[in-house]
Structures are given as C-alpha cells and as structure tokens.
Amino acid sequence: MNPAHPPHDPSRRRVLGGLGAAGLVGMLPAARAKDRRPLGVALVGLGYYSRDLLAPALQMTKHCRLAGIVTGTPAKAEEWQRRHRIPDRNVYDYAGFDRIADNPDIDVVYIVLPNHLHKPFTLRAAAAGKHVWCEKPMAMDAAEARAMIEACRRHGVQLTIGYRMQHEPNTQAVMALARSHPFGRLQRIRAEAGFRGFDGASGDNWRLDPVRGGGAMYDMGVYALNAARYTTGTEPVAVTATPHVERADIFRGVDESMRFRLEFPDGVVADCATSFGRNINLLHADCADGWYELSPFQAYEGVRGEASDGRRFDAVIGATPAQQARQMDADALAILQRTPPRVPGEEGLRDMVVLDAIFASARTGGARVEIAAA
Ligand code: NAD
C-alpha cells in the first residue's frame, strides 16, 4: 500500500453526505493529519486540455495526484495507463462511470468534456459522492448551473470551476485593485479574448456545434466576461450583445465573434469582445485618476501588464503548466481543509446568468437586456 495514500475513511463520506457546501464550512473539525494525503483525481475526457495541460500539471501538484481516467476510447486508456501508471481498477468508460462511487482511490472527478456534458457528468459525479472540478464554461445556461450547484450541495461535495486565471498572481493583483481603488473611481473596462482558428474545420469539431456548446462566446468570451466582473468586483445589471460571422461556411449556428457591452452599477461600462477569427488578448481599466492593464491577460504563462503610475505586473516566469498546478493544489486544499474554494460553482453561475442575457440580446439583434441577480 502507498503510505501517502491510505484507504479512504468511509465514515467521512457518511458525515459529509447531506451537508451543503456552506454547511461543510465550520461545522466539521479541521482535517485530521491522516486526511492530508494527496487527493486522487480522475480526469473525465482525455482531449487536448487533459493531455497537454492538466496531466502534466498534476505531476507538479503537492495536494493531489492523477489517480484515474474516464474515457470512451480504449486505446487512449492503454496509453494513459502506461504513461501515468494508472491501475485497471481506476479506469472507466462513460457508461460505467457511476461505479466510481465504490472507488476509494478517487476523491475528485475533474470534468474536461465538451460543454454540453458538464452538467450530466457533474450530477453523476456528485451522486457518486465525489468532489467535482468542472471546466469552464460551467454549463450551457444558468438553469443547468443551478442544478449542478444543488446536486453538489445535496450530496455534500465541493463544486469548483476551472477558472485558472483567478489563481494567477498578476490577475490576483488586478482583482485586488477592485477593492483598493488606487487610481480613483473605475470608469470603463475593455476585455477582449480570442484567437484565429478553425480555418477549413468542419462541424465534427464540438467547438463549432451549437448542441455541444460551441462558439467563441462559450469558449473564449467567458474569459472576457469573468475578467470584467473581477475587475469591477461587482455584477453587471444589463447587457447589449452582437454576434458576427465572417466565415459562414465554417460557423453555422454558432458565433464566430461576439461584442458585448456590460453595464455595471454606478455607470461603469465594460466593452468586451471575443472571437475565433482574430487574436485579441487585452484587459484594460480606465479610472478617474489613471489606468492599468494586462496583455496578455489570459494565457497559460506570461500574463503581464502595467499601470499609469509606472507600476509593472511582470510576467511570472515558471514552467508551464504551473497555473493549472496552482489551481488544483488550491482546490485540493479547500477540500482537505473544508474551506470554500476560490472559484465555487456560484462564481460559474454568475457568469452563466450573464451569458444567458448576452445570448438573449444577440438573438434580438442587440437589444438591451437587463440581468437578474444570480
Ligand atoms: P477536446 O475536444 O480536445 O477534448 C474533449 C474530450 O471529450 C475528447 O477526449 C473527446 O473524445 C471527449 N468527448 C466525449 N464525448 C464527446 C462528444 N460528444 N463530442 C466531442 N468530444 C467528446 O476539448 P478540450 O480542448 O480538451 O476542452 C474540454 C473542456 O475543457 C471544455 O469545456 C473547454 O472549454 C475546457 N478547456 C479549458 C481550458 C482552460 O484553460 N481552462 C483550456 C482548454 C479547454
């Protein structure tokens, strides 16, 4: 037996069961020393992000480790098992996934599937008694996001969204400015995230399929949206949005680009853009007495920027994928210490509420849509 990974304490799950996420905090004693083992993580979906970023990052983490995989492709399972020394008992296909409930090696299920599968797999993972980490965007809409939060609350497991930027140091410095206001009152934000891609691609790609959550807004737009919210530190009250398709042969029923203007309280406005047609990567804030910006503001490494008073946000130099390792270690500690995660499901829900309004405005040719509280 691996001493760093003793058998699960089944009583723990019984205690946790039935407590909501909020109920977990403060009601339970601090994690005992024997609970401080690296948590076992099962990656669900072994595509690009799992393969190139999360699996390497899990080799850099202290508080969690790659323990299992869930995949629909037997050849991939074999390759991953060899490369990461994953035993047969920790390998699942999608149909047999629910048996993970009986596997004490797995504490966390990390959902890295196309967006339409985030909700069903979150519900199944929660019902299996596993903590859930779910990739962005959290879901297809706010109703799905609420169902995911409710399922995790009911089963007493944590739900955390993979907004890695919120774990990045320069991003955290900008988030802190929303509270300290060193440049006076915030007036206007620009947030733009996108890349040129998909030339010659077909609808087989889920990022081009409306049913599976394709389109630039779901994929890259959430970075701009989330940044507008963490830069103001408040919630938008209304939005106007206009989609645009340049390459109509490729983008059918999904947005290639989207411009959206978020209205925040006190007259603060965020002009946002996202695109699969051009490379854009800027977060800029204008305040009464100065400005600050990050560019790139969303990247696996090299996030950097400056401000009108000469301060610099120097790029944090470190091996990729350090960002994902920071994220997963912080999220693992939240589970081990029974504290709320930095990016809980509720944070994903707030974006989904705004996304619903963005799509509603886009459908009506850019009408102003008021945003209800999450
Ligand atoms: P991908 O297409 O490379 O991988 C998706 C995986 O899901 C594949 O292994 C595929 O076989 C599997 N799959 C299961 N059912 C499927 C279906 N019905 N259609 C298509 N594929 C199916 O995608 P990805 O780039 O790894 O993205 C996966 C998730 O991770 C998405 O939610 C995406 O938004 C998110 N993501 C996040 C980041 C980040 O920086 N946080 C970066 C990339 C992707």
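Thr171, Val174, Met175 and Ala178 in helix H7 meet Tyr230, Thr231 and Thr232 in helix H8, where a contact is a pair of heavy atoms within 4.5 Å, and where helices (H or I, at least four residues) and strands (E, at least two) are DSSP runs numbered from the N terminus. By class, this contact of H7 with H8 has four nonpolar, three polar and no charged residues; Ala, Val, Leu, Ile, Met, Phe, Trp, Tyr, Cys and Pro count as nonpolar, Asp, Glu, Lys and Arg as charged, and the others, Gly among them, as polar.

The model is predicted, so local features need pLDDT of at least 70 and side-chain atom pairs count only at pLDDT 80 or more, while totals for chains, interfaces and linings use all residues. Residues are numbered from 1 along each chain as its sequence is written, and side-chain values use heavy atoms, with hydrogens and water left out.

Asp219 also lies in helix H8. With a relative accessible area of 6%, Asp219 is buried, a word that means under 20% relative accessible area, as against exposed over 50% and partly exposed in between (1.4 Å probe, protein chains only). Not counting residues up to four places away in sequence, Asp219 touches Lys136, Phe195, Arg207 and Phe276. Of these, Arg207 is 12 residues from Asp219 along the chain, and their C-alpha atoms are separated by 7.7 Å.

Turning to helix H6, which covers residues 142–155, we can begin at its N-terminal end, which Asp141 caps with a side-chain oxygen that lies 3.2 Å from the backbone nitrogen of Ala143. This is a polar contact, a pair of N or O atoms within 3.5 Å; within protein, one must be able to donate a hydrogen and the other to accept it, and residues adjacent in sequence count only if both atoms are side-chain atoms. Just after H6, Gly156 takes a positive phi of about 70 degrees. Within H6, the buried residues include Ala142, Met148 and Cys152, and what covers the buried residues of H6 includes helix H5 (118–127), strand E5 (131–134), strand E6 (159–161) and helix H10 (345–363).

Thr122 has its place in helix H5 and, at 0% relative accessibility, counts as buried. A polar atom of the Thr122 side chain lies 2.7 Å from the backbone oxygen of His118. Leaving aside neighbours within four places in sequence, Thr122 is in contact with Ile111, Val132, Cys134, Met148, Cys152 and Leu159.

Definitions and conventions: Expected span 1.5 Å × (residues − 1).
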